[in-house]
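Colleague: I would like to learn how to read the features of a structure such as this one. Please take them one at a time.

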Amino acid sequence: MDRTPGDTARPTFAEEVREAVTGRAALLVIGALVLQLAFITSYVGAFHAPKPKDVAVGVVAPPALSGQLVERLGRLPGRALEVRAVPDRAAAVRQIRERDLDAALVVDPRSTTDTLLVAGGAGSSLAQATEAVVTRAEAAEQRSLKVTDVAPVAAGDSRGLSSFYLVVGWCVGGYLCAAILAISAGARPANARRAGFRLAALALYAAVAGLLGAVITGPVLGALPGSVLGLWGLGTLVVFAVGATTLALQGLAGIVGIGLAIALVVVLGNPSAGGAYPYPLLPPFWRAIGPALPPGAGTWSARSIAYFQGNALTCPLLVLSAWAVAGTAVTMACAVFRRREEEPAGAREPSSLHPGP
């Protein structure tokens, strides 16, 4: 029954629910539930059963043994290793430090003990998994294994995870800065000028965050070696790339863009970044998307700067730059189109009527 204006009857339960939880709020809550379930699925899916696959391993052995050994190791169950011959130990060490190889097996035909060269700086879990696979293969031939780490982690870098945590912190700062700009002044900037101001503020924040993150992780805590200037530049790029992407998503989808940024960076990006488990230990989906997302590109770059003399940086830096440029371009384009849509027709098009005499 409809109430008259003077009716003082209490609202029904359904009416109270509609007033307390609006349709928009209900949609946002459903979106939060979807994001939560996606988070669980992504992290558990990536980490629940790590198995080495296509770990790049070089083999240093006399010519008479090299071909047979490469073939035998390449046929291990699950394609655990991707094996290729390397001419000598020095070449193997160089390729590991250039990040072309994950490890190398150096065979000594005069002994029953061979040497496995690994790189702890690329991730302790990868070095350990490779050691386990090669140890089993050697034991089957009644041979033993000695492990040598040619790119060991710093004393303060437990399990080689500091690079990953540093990049995660930079990513969090990037999307939080963009979200604060949206909450304080509207998700979509009113015009291109204001969008430019937001991007400039983000760039300044990125430079400060990049420097402080590099200083805290390096000189203050001693968790990462390598160039502070190099890490500063990387941090600035990571923070700006993530922040600009978040601004672009907000320009396209409003406040929902913050949730989309979290889905991209946190739900998909973090478990596929190669932090806890480097790429050869991840399932195919996460291994495929990781290098193309900011957390993965940032983690690879931070490890290269810290432990590999800055080798193998071109591709990940191009990935981060692409996110930064695309985010900037989309943010500016959304602001321009919004300005044009809000202008009255008369302000955009000159009138065809001439004033009278």
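Colleague: What should I know about the model and the numbering before we start?

Modeller: The model is predicted; local features need pLDDT of at least 70, side-chain atom pairs count only at pLDDT 80 or more, and totals for chains, interfaces and linings use all residues. Residues are numbered from 1 along each chain as its sequence is written, and side-chain values use heavy atoms, with hydrogens and water left out.

Colleague: How do I read the packing of two helices?

Modeller: Two packed helices are described by the angle between their axes and by the distance between those axes. Axes are lines fitted to C-alpha atoms, for helices over the stretch in contact, and the angles run from 0 to 180 degrees between N-to-C directions. Helices (H or I, at least four residues) and strands (E, at least two) are DSSP runs, numbered from the N terminus. Here, helix α8 (residues 228–253) packs against helix α11 (residues 294–307) at an angle of about 180°, the axes being 10 Å apart. That makes α8 roughly antiparallel to α11. The cut-offs are under 35 degrees for roughly parallel, over 145 for roughly antiparallel and 65 to 115 for roughly perpendicular, with the rest oblique.

Colleague: Which residues of α8 and α11 meet?

Modeller: Contact means heavy atoms within 4.5 Å. From α8 come Gly230, Leu231, Leu234, Val238 and Val242, and from α11 come Pro294, Gly298, Ser301, Ala302 and Ile305. By class, this contact has 7 nonpolar, 3 polar and no charged residues. Ala, Val, Leu, Ile, Met, Phe, Trp, Tyr, Cys and Pro count as nonpolar, Asp, Glu, Lys and Arg as charged, and the others, Gly among them, as polar.

Colleague: What is a nonpolar core, and which residues touch the most other members in the largest one?

Modeller: A nonpolar core is a set of buried Ala, Val, Leu, Ile, Met, Phe, Trp, Tyr and Cys residues joined through side-chain atoms within 4.5 Å. Buried means under 20% relative accessible area, exposed over 50%, and partly exposed in between (1.4 Å probe, protein chains only). The largest core has 50 residues, and Ile96, Leu117, Trp170, Leu234, Val238 and Phe240 touch the most other members. Helix α8 gives the largest share of this core, 9 residues. Apart from it lies another core, of 21 residues, including Ala103, Leu116, Val118 and Ala137.

Colleague: What is tryptophan 170 in contact with?

Modeller: Leaving aside neighbours within four places in sequence, tryptophan 170 is in contact with Ala209, Gly210, Gly213, Ala214, Leu231, Leu234, Gly235, Val238 and Val239.

Colleague: Is serine 272 buried or exposed?

Modeller: Serine 272 counts as buried, at 0% relative accessibility. The residue is in the loop between α9 (256–269) and α10 (284–289). Its contacts, leaving aside neighbours within four places in sequence, are Tyr279, Leu282, Trp286, Ile289, Gly290 and Leu293. Isoleucine 289 is found in helix α10. The C-alpha atoms of isoleucine 289 and leucine 268 are separated by 8.1 Å, and the two residues are 21 residues apart along the chain.

Colleague: How many salt bridges are there by the rule?

Modeller: A salt bridge is a side-chain nitrogen of Lys or Arg within 4 Å of a carboxyl oxygen of Asp or Glu. The count comes to 6. One of them joins the side chains of arginine 72 and glutamate 141 (3.7 Å, N to O). This pair links distant parts of the chain, 69 residues apart: arginine 72 is in helix α3, and glutamate 141 is in the loop between α5 (124–140) and β5 (144–149). Arginine 72 is partly exposed at 26% relative accessible area, and glutamate 141 is partly exposed at 37%.

Colleague: Where does arginine 143 lie, and where is aspartate 114?

Modeller: Arginine 143 forms a salt bridge with aspartate 114, with the closest N and O atoms 2.7 Å apart. Arginine 143 lies in the loop between α5 and β5 and aspartate 114 in strand β4 (residues 113–118), so the pair ties together parts 29 residues apart in sequence. Arginine 143 is partly exposed at 22%, whereas aspartate 114 is buried at 1%.

Colleague: What is phi of aspartate 54?

Modeller: Phi of aspartate 54 is near 55°, a positive value in a residue other than glycine. Aspartate 54 is in the loop between α2 (23–47) and β1 (55–60).
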